[in-house]
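Please find below a colleague's note on the structure under review.

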Amino acid sequence: LARELHPSAPSACPAVQSNALLVLGDLCVMYTNMADRYLPVMASCLQAGASDPEANIFSSDSTGFATTRKHAILLLSSLLLQDYIKWRGLLFHRFLVACSDENEEVAGLAESVLSGPLSTRNPKLFFNHFVEALFVLNKC
């Protein structure tokens, strides 16, 4: 399943990626030791559809992958709220980039989840990651 979610998958189909993401999320709930192992691949779905895997964190130019990005936002925020995963690596930065997605529904969903339940759960989230977010989002 993780192979289907990898950004450099040869035949990336939005429906397959979306379903693989949901199944992998359910597996992470049932087998909690898998969550940290597959978190980077699952987080890359927040920018699904970018043509360049290196630019995945900075662009998401395909509208066909909007459903995959929505599912990734909902799934990852649910796992975060239930304490199956923690804010590690580029997960926070990927959420920030999702807030500026070209699809308004995806951007609105990411913004409402990030500023709503996730910030209520962790009030110092933006404070703790502000400086590193400046560096990552400015490609430094």
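The points below move from the overall fold to two local features.

1. Basis. This is a predicted model, in which local features need pLDDT of at least 70, side-chain atom pairs count only at pLDDT 80 or more, and totals for chains, interfaces and linings use all residues. Residues are numbered from 1 along each chain as its sequence is written, and side-chain values use heavy atoms, with hydrogens and water left out.

2. Fold. The chain holds 8 helices and 0 strands (DSSP runs numbered from the N terminus: H or I of at least four residues for helices, E of at least two for strands). Its pattern along the sequence is α-α-α-α-α-α-α-α.

3. Packing and surface. Of the 140 residues in the chain, 41% are buried (under 20% relative accessible area; exposed is over 50%, partly exposed in between; 1.4 Å probe, protein chains only). Among contacts (heavy atoms within 4.5 Å) between residues at least 6 apart in sequence, 63% join residues at least 24 apart. The accessible surface of the chain is about 7600 Å² (Shrake-Rupley method, 1.4 Å probe), and carbon and sulfur atoms account for 57% of that surface.

4. Backbone at Asp83. Asp83 is found in the loop between α4 (66–81) and α5 (91–98). Although not a glycine, Asp83 has a positive phi of about 65°. Most residues other than glycine have a negative phi. Asp83 is partly exposed, its relative accessible area being 40%.

5. Helix α8. Phe130 is placed in helix α8 (residues 125–137). Together with Val131, Leu134 and Phe135, Phe130 forms a nonpolar surface patch with about 410 Å² of accessible area in total.

How values were computed
Patch = residues over 30% accessible without salt bridge, like charges linked within 9 Å, V, L, I, M, F, W, Y side chains within 5 Å. Salt bridge = Lys/Arg side-chain N within 4 Å of Asp/Glu carboxyl O.
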